[in-house]
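These are my notebook entries on a structure that I looked up. I record each item in turn.

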Amino acid sequence: MNNITKDLEPLKNKLRNHPLYNNIDSIEDLKIFSNAHVYAVWDFMSLLKFLQVNLTSLSIPWFPSKNTTTAKLINEIVAGEETDEDQNGDPVSHFEMYIDSIEAFGLNTSNVFKNLNTLKELKTIESDIDKLELKYYIKDFLKFTFSVIKRGKIHEVASVFTFGREDLIPDMFIPLIEGINSDNNDLDKLIYYFKRHIEVDGDMHGPMSMEMLSYLCDNDPNKISESASIAKEALEARIALWNGIENEIKNK
């Protein structure tokens, strides 16, 4: 895991230093960003649920899971992502928290839900994504996620989940969001979302997912190699998404 992390550092640096961050300086810019990023917040949950389905026991009648260590790790992550607490202490998923935060500063999410409600079949999801009225770079990002899920290799999905969902990114956004927050712009919920993301992923979910991936690879050279390769693809997919959003903001 340490070697994979080290090999990914150049791509992580590209994300840390991406020019997108310097191009978001207004509410309109933030709306463009959030209208694309919301799909990355959503498809993350499908990675999570794939891992839960495959690492825990969901059958009836019930039988113990094959590996209680990985089952415990993924169940604890699911609890935090699917039933966290908002600013008022009410239970909410991180996706719902994000939706609430972007609606608070005036982003209409009706098209988001219209699009997501058409993506109901995993077997046809790539072609269904192509039919959506979305920018190509959002479609490409979604199709990459679900191609990994459909391939069905648990260690690959765990690698995308662990390395591809960059826990460094929220750090980049908090300063710029705070910079454009004002009495006229209700960004407090969005700031809370990113801070909560840092707290949960950095302190708990990041180390837990790393441990989970280590168990799944089980010192198998092929699994380690495949995990490293797909992690690079995941970070490249995120960079491509950032490139698309940056260009849209610059050309608005």
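Entry 1: I began with aspartate 218, which lies in the loop between helix H12 (188-217) and H13. The model I am reading is predicted. I looked up the backbone of aspartate 218 and found phi near 50 degrees, a positive value in a residue other than glycine. I noted this because most residues other than glycine have a negative phi.

**Entry 2: helix H13.** I then turned to the start of H13, where a side-chain oxygen of aspartate 220 comes to within 2.8 Å of the backbone nitrogen of asparagine 222. Next I checked the span of H13, which has 30 residues (221-250). At 1.5 Å a residue these should span 44 Å, and the end C-alpha atoms are 44 Å apart, so the two values agree.

**Entry 3: H9 against H13.** Two packed helices are described by the angle between their axes and the distance between the axes. For helix H9 (residues 136-151) and H13, I found axes that come within 8 Å and cross at roughly 165 degrees. An angle over 145 degrees counts as roughly antiparallel, and H9 and H13 are therefore roughly antiparallel to each other. Their crossing is left-handed. On the H9 side I listed Tyr137, Ile138, Phe141, Phe144, Val148 and Arg151. Their partners in H13 include Ile230, Glu233, Ala234, Arg238 and Glu248. Sorted by class, the contact of H9 with H13 has 11 nonpolar, 1 polar and 4 charged residues.

**Entry 4: H4 against H6.** How far apart are the axes of H4 and helix H6 (residues 94-104), and at what angle do they pack? I found the axes 10 Å apart and the angle about 170 degrees. H4 and H6 are therefore roughly antiparallel to each other. Phe33, Ser34, His37, Val38, Val41 and Trp42 of H4 make the contact with His94, Phe95, Tyr98, Ile99 and Ile102 of H6. By class, I recorded 8 nonpolar, 3 polar and no charged residues for H4 with H6.

**Entry 5: H4 against H10.** Helix H4 (residues 27-55) also packs with helix H10 (residues 154-164), at an angle of about 140 degrees and with axes 10 Å apart. That angle makes H4 oblique to H10. The crossing of H4 and H10 is left-handed. In H4, the residues that meet H10 include Phe44, Leu47, Leu48 and Asn54. Among those they meet in H10 are Ile154, Val157 and Phe161. By class, the contact of H4 with H10 has 11 nonpolar, 1 polar and no charged residues.

Entry 6: Last, I looked at proline 61, found in the loop between H4 and helix H5 (68-82). Is the peptide bond from isoleucine 60 to proline 61 cis or trans? I found it to be cis, with omega near 0 degrees. I recorded this bond because most peptide bonds are trans.

Note on methods:
Residues numbered from 1 in each chain as written. Predicted model: local features only at pLDDT ≥ 70, side-chain atom pairs only at ≥ 80, totals over all residues. Heavy atoms only, no water. Helix = DSSP H or I, 4+ residues; strand = E, 2+ residues; numbered from the N terminus. Expected span 1.5 Å × (residues − 1). Polar contact = N/O pair within 3.5 Å; in protein donor to acceptor, adjacent residues only side chain to side chain. Axes fitted to C-alpha atoms, helices over the stretch in contact; angles between N-to-C directions. Parallel < 35°, antiparallel > 145°, perpendicular 65-115°, else oblique. Left-handed = near helix turned anticlockwise from the far one by under 90°. Contact = heavy atoms within 4.5 Å. Nonpolar A, V, L, I, M, F, W, Y, C, P; charged D, E, K, R; others polar.
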